[in-house]
Amino acid sequence: RLLIWEEDMLIVKKFGGSSVADKERIFKLDTPNTSYLLGIVDEENFIGHIYYGKRLQGHDIAYRMRTQEAPFVPSQNNRERCSFYDCFPFEYPTAGLGDYRESCLSVRTMGGYLGCNLSYVSHRILEGKPQLEGLPATFADKETATTLELTCVDSHIGMKALLYYTAFCDTDVITRSVKIINEGTQAFYLTKVLSACLDMDNQDYEMISLHGSWARERHIQRKKVGYGIQKVSSFRGESSHQDHPFLALVSPNTTQEMGEVYAMNFVYSGNFQAQAEVSQFDSIRMSMGIHPENFCWKLEQGESFQAPEVVMVYSSQGLDGMTTAFHHLYKRHLIRGEYKDKKRPILINNWEATYFDFNEDKLVALIGEAKHLGVDMFLLDDGWFANKYPRSSDHQGLGDWTETADKLPNGIGKLTAEAKKQGVKFGIWIEPEMVNPKSELYEKHKDWVIRFPNREEYYFRNQLVLDLSNPAVQDHVFGVVDQLMTKYPDIAFFKWDCNSPITNIYSTYLKGKQTHLYIDYVRGLYKVLERVKAKYPNLPMMLCAGGGGRSDFEALKYFTEFWPSDNTDPIERLFIQWGFSQVFPSKTLCAHVTTWNKKTSVKFRTDVAMMCKLGFDIKMDDLTNDEQTYCRQAVQEYNRLKPVILEGDLYRLVSPYEGEREHTSSMYISKDKSNAVVFAFDIHPRYGERLLPVRLQGLEANRMYKVKEINLMPGAWPSLGGNDQVYSGEYLMTVGLGLFTGQDLSSRIIEVSAQ
Ligand code: GLA
């Protein structure tokens, strides 16, 4: 397979023929089901986009730059420069010459000149994937990827740009990134450096983005793309609750299983923009990269700037095809090696059970509950630290990472020992990038805080962000983990929180380079996380940012899982988890059973949480005996089914966003297609509604499968028609199962096992 792929992978061809084609070179990148073509054209050696879509077998001269034949070029013989720029499908457009669509690169020289232009000079074909300088990114060896590196220059400025394209052979993904190098005699300013662009003909595309807010993360938004720019973005210093660094263009008829999708996802945790622009000529430009707001990078002579990576996916099989590509990329090329095969611990968290109101006895009792429930770990949340300003609320103490003596007189050590005694692991919450102004850290190190020296401070959740561009602050943040681990080596897990975007944007450390701060912050964070990873390679960590405020691909290089949302109302979670699932696999998404929305049964709440990485954040004592028994059984069932739910392939069967939001269903299936777990939920069925069977997916048509309803409350009987019976895969996929009922807020889990 590899050989065929390598042979086909990249063809550099010089075509003879017409005067234009004569100068044209075409590069073709293939993934298993997609091809990407770009070419060098014109005496100025522009790099133009030719094709991205279903895999092409031929290497035909007909694949030429669209504009050469486009009717809108004013004169066929004499292409007027300006119109040419403005309609040419650039691979990496630059600003200031005559392309009036939004560019990817803009530059200002020391003399104040604007405008730049890139011409191709040479290329290299690299086996595998080169490491991006100073940035986490996807990885691949020579068995699984090949990289095309194009070198281009603007000789007026002395600027070199390296454009990277990596094609993967085991998943339908092409990644892109850009490196700008100053080879001139003077410094210059980069005022915008995006990472990828796709110029195509507009086919009446619609755009899908994952929009939200605190406690309403990753809701799916789909709308028609009209003329002009439509964009999603963040300049909060984090990838944000509001918009995920993801954008998909889809055909109007695209569904879960059918139709075309062009998607981009950014491997970066800071400011970003992703946009689609429809031009006067009905072309569409899709682009993604670092948000230019408050960005201006001084590139000294000899220095380089590496922009983060964009993951591009083309699917002709609807959103499911896109999701499969993203999930495979994560599992094969992004996840930290040490965690690939690790079992994810089921944990019980004390946050919603106690909030800040706990002491040693309460925690010891909760650790006992963890054992009783049968979970793997107890996680101690916020509120355990600080003495001068004890962390009794979110108004104080952040930054002072020693145990509050009157709450925990025997320290964390007592708790890790208690956990050990009960046979469960111990995890702990930290928020090391932040500080409350009411803290000893703030009093001692105001210069470590991102804040204006000359303005009143503005607080988000009563706190400020530490200046990670400063190496001393990096040491401090690393030290929070390191000191805890050194003192209490039995800590087995961290929940790393981050509850404020960057506010009051000023760094004492950066002095005259304030426009570097957003970038240097993220780079500083990566440096810290690299150190944590190097010293504690087997330490799993959950990333939280007041819920899902920093859940992005980059974070997955360091964290095993996200806390997707503080909203644990199971109905809301059905929508939130559906949104997250577009991009992230279930094993990266924590879902806890809590007391949010008591109108829903404990079974409904647990069934929703079992679709992702199950956990609990509830006082078991508050549950009835039956509910407690049910939860214990659910933990056992989950442990048994984990390999399918967390490692299997996801098929989304019925969207909660469809119709009037009455029902939803999804399933996971093992790689060998012998085991599946189907989840079905009735949210708000309508009176007298006709309940259609749900067709399963991904099974083998000619295999026989037994279907069995599981996860029942003690004493309850299965209500699935045809329960415990055997059906062919074909039947289940064409006729389906009657999974839905007319009863509000009911849920079912069905196990499907090959016979
Ligand atoms: C954030 C998190 C919660 C919890 C609190 C603690 O809001 O999202 O899960 O950890 O902080 O203060």
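This is a predicted model: local features need pLDDT of at least 70, side-chain atom pairs count only at pLDDT 80 or more; totals for chains, interfaces and linings use all residues.
**Entry 1: salt bridges**

**Entry 2: Arg-285 and Asp-199**

I looked up the pair Arg-285 and Asp-199, whose side chains form a salt bridge with an N to O distance of 2.8 Å. The two residues belong to distant parts of the chain and are 86 residues apart. Arg-285 sits in strand β17, which covers residues 283-289, and Asp-199 sits in strand β10, which covers residues 188-201.

Is this pair buried or exposed? Arg-285 has a relative accessible area of 1%, so I noted Arg-285 as buried. Asp-199 is at 2% relative accessibility and therefore counts as buried too; the cut-off for buried is under 20%.

**Entry 3: Glu-457 and Arg-451**

Next I checked Glu-457, which makes a salt bridge with Arg-451. Their closest N and O atoms are 2.4 Å apart. I have both Glu-457 and Arg-451 down as buried.

**Entry 4: Asp-649 and Lys-671**

I then went to Asp-649 and Lys-671, a salt bridge with 3.0 Å between the closest N and O atoms. This pair also links distant parts of the chain, at 22 residues apart. Asp-649 is in strand β31 (residues 649-654), while Lys-671 is in the loop between β32 (663-669) and β33 (675-682).

**Entry 5: the ligand**

I moved on to the ligand. Which residues come nearest to the ligand? Of the 13 residues around the ligand, they are Asp-381, Asp-382, Arg-461, Lys-495 and Asp-566. Sorting the shell by class, I got six charged, four nonpolar and three polar residues.

- Asp-382 has a polar side-chain atom 2.6 Å from an oxygen atom of the ligand.
- Arg-461 has a side-chain N or O atom 3.0 Å from a ligand oxygen atom.
- Trp-429 has a polar side-chain atom 3.1 Å from an oxygen atom of the ligand.

How much of the ligand's accessible area does the protein cover? On its own the ligand has 300 Å² of accessible area, and I noted that the protein covers 95% of that.

Methods: Residues are numbered from 1 along each chain as its sequence is written. Side-chain values use heavy atoms; hydrogens and water are left out. A residue is near a molecule or strand if one of its heavy atoms lies within 4 Å of it. A polar contact is a pair of N or O atoms within 3.5 Å; within protein, one must be able to donate a hydrogen and the other to accept it, and residues adjacent in sequence count only if both atoms are side-chain atoms. Accessible areas come from the Shrake-Rupley method with a 1.4 Å probe; for residues, only the protein chains shown count as cover. Ala, Val, Leu, Ile, Met, Phe, Trp, Tyr, Cys and Pro count as nonpolar, Asp, Glu, Lys and Arg as charged, and the others, Gly among them, as polar. A salt bridge is a side-chain nitrogen of Lys or Arg within 4 Å of a carboxyl oxygen of Asp or Glu. Helices (H or I, at least four residues) and strands (E, at least two) are DSSP runs, numbered from the N terminus. Buried means under 20% relative accessible area, exposed over 50%, partly exposed in between (1.4 Å probe, protein chains only).
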